[in-house]
Amino acid sequence: MQFIAILVSVEMRDLVYFAHIILGILLVILPIIILQLKKSNLTRPLSALTAAVSWILLVPAGILYVLFYPATKTVIKAGAWPWAHSIIMETKEHWGLLLPIIATVAAILVFTGKEKESRKWWILLLVLSILIGIMGRVIKMGVLA
Amino acid sequence: MRKFNVYAATTISSWLLFILVLAAELYAPFKLLLVSLLFHHWIAKGVIVALAFVVSGFFLKRKIVVNIITKHTEEQTAFHSVIAVLLLILLFYVIEFFV
């Protein structure tokens, strides 16, 4: 019974992890597409989709961080790269809270006809999403270090 | 329907996030309060910041958040606030780790 519970837990963790990665990648791809579009009918729906993805991303991020990360944190802090948690993860978890706000601002600007003003917010979202992805990789390396 | 003051909402919610980060790290009882509110301090911070974004966006009048000293526009203030908060959060955790 305990084995099944562990198996379900591991499968759930993998599922949430993949969702987290896919939604995170979308927050890189979608701003790139939006920045390439000029006066297109697709800009508004894609902007709304990006803002929605940025909020939905908090769900797998929260599940991973609250339920599964504490064990990882213990390993990192006992290893050679304790800063991978103390600096990188602590920063990443709080930077992540600003992603939906930035995406929402950019989307609102698009919907209010301020496409030009929205560009730097999309660029900020893109850069921040990439940085957060890199930080995630560093944290994973911190587990093995 | 009220017009959503997107720049004021962004400025206020980003600085609020920084205040919450500082308060939770420097004053343990506040972190415990956040935990008691919503199970985990990160969830509590997220919910508070999201609520602040929505509430300040709908209830603050336009141009209430203006950097008078540097003569920034609302848009510049909001954008620079987000960048500043991102950098300050990183700086805070770097200092906390080494000091």
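Is Glu75(B) buried or exposed? In this predicted model, Glu75(B) has a relative accessible area of 13%, which is under the 20% cut-off, and therefore counts as buried. Glu75(B) lies in helix H4 of chain B, which spans residues 74-98. Apart from neighbours within four places in sequence, the residues in contact with Glu75(B) are Glu117(A), Lys120(A), Trp121(A) and Tyr7(B).

One of these contacts is a salt bridge: Lys120(A) pairs with Glu75(B), and their closest N and O atoms are 3.2 Å apart. Side chains of opposite charge can pair when their charged atoms come close. The count between chain B and chain A is 1 salt bridge, alongside 6 residue pairs in polar contact, both residues of each pair being at pLDDT 80 or more. On the side of chain B that touches chain A, helices H1 (6-26), H3 (41-59) and H4 each supply at least two residues. H4(B) gives the largest share, 13 residues. By type, this side of chain B consists of 23 nonpolar, 6 polar and 3 charged residues.

In total, 32 residues of chain B are in contact with 28 residues of chain A. About 2800 Å² is buried between the two chains, and carbon and sulfur atoms give 82% of that area.

The largest nonpolar core has 59 residues, and those with the most contacts inside it are Ile102(A), Trp121(A), Trp122(A) and Ile89(B). Helices of both chains contribute at least two residues each to this core: H1 (2-36), H2 (43-56), H3 (58-78), H4 (83-111) and H5 (115-144) of chain A, and H1, H3 and H4 of chain B. The largest share, 16 residues, is supplied by H4(A). Beyond four places in sequence, Ile102(A) is in contact with Trp121(A), Leu124(A), Leu125(A) and Leu128(A) in chain A, and with Val82(B) in chain B.

Chain B contains 4 helices and 0 strands, and its elements run α-α-α-α from the N terminus on. Of its 99 residues, 42% count as buried. Among contacts in chain B with a separation of 6 or more, 73% join residues 24 or more positions apart.

The loop between helix H2 (28-38) and H3 of chain B holds Phe39(B). Most residues other than glycine have a negative phi, and most peptide bonds are trans. Phe39(B), although not a glycine, has a positive phi of about 70°. With a relative accessible area of 59%, which is over 50%, Phe39(B) is classed as exposed.

Over all chains, the count comes to 3 salt bridges. In chain A, Asp14(A) forms a salt bridge with Arg13(A), with 3.8 Å between the closest N and O atoms. Asp14(A) is partly exposed at 32% relative accessibility, and Arg13(A) is partly exposed at 36%. Another pair crosses between chains, from Lys120(A) in helix H5 of chain A to Glu75(B) in helix H4 of chain B. Lys120(A) is partly exposed, at a relative accessible area of 30%, whereas Glu75(B) is buried. In chain B, Lys31(B) forms a salt bridge with Glu25(B), the closest N and O atoms lying 3.5 Å apart. Lys31(B) counts as partly exposed, at 23% relative accessibility, while Glu25(B), at 18%, counts as buried.

Key. Residues numbered from 1 in each chain as written. Chains lettered and ligands numbered in written order. Heavy atoms only, no water. Contact = heavy atoms within 4.5 Å. Buried area = accessible area lost by both parts, 1.4 Å probe. Salt bridge = Lys/Arg side-chain N within 4 Å of Asp/Glu carboxyl O. Polar contact = N/O pair within 3.5 Å; in protein donor to acceptor, adjacent residues only side chain to side chain. Nonpolar A, V, L, I, M, F, W, Y, C, P; charged D, E, K, R; others polar. Core = buried A, V, L, I, M, F, W, Y, C linked by side-chain atoms within 4.5 Å. Buried < 20%, exposed > 50% of the residue type's maximum accessible area, 1.4 Å probe, protein only.
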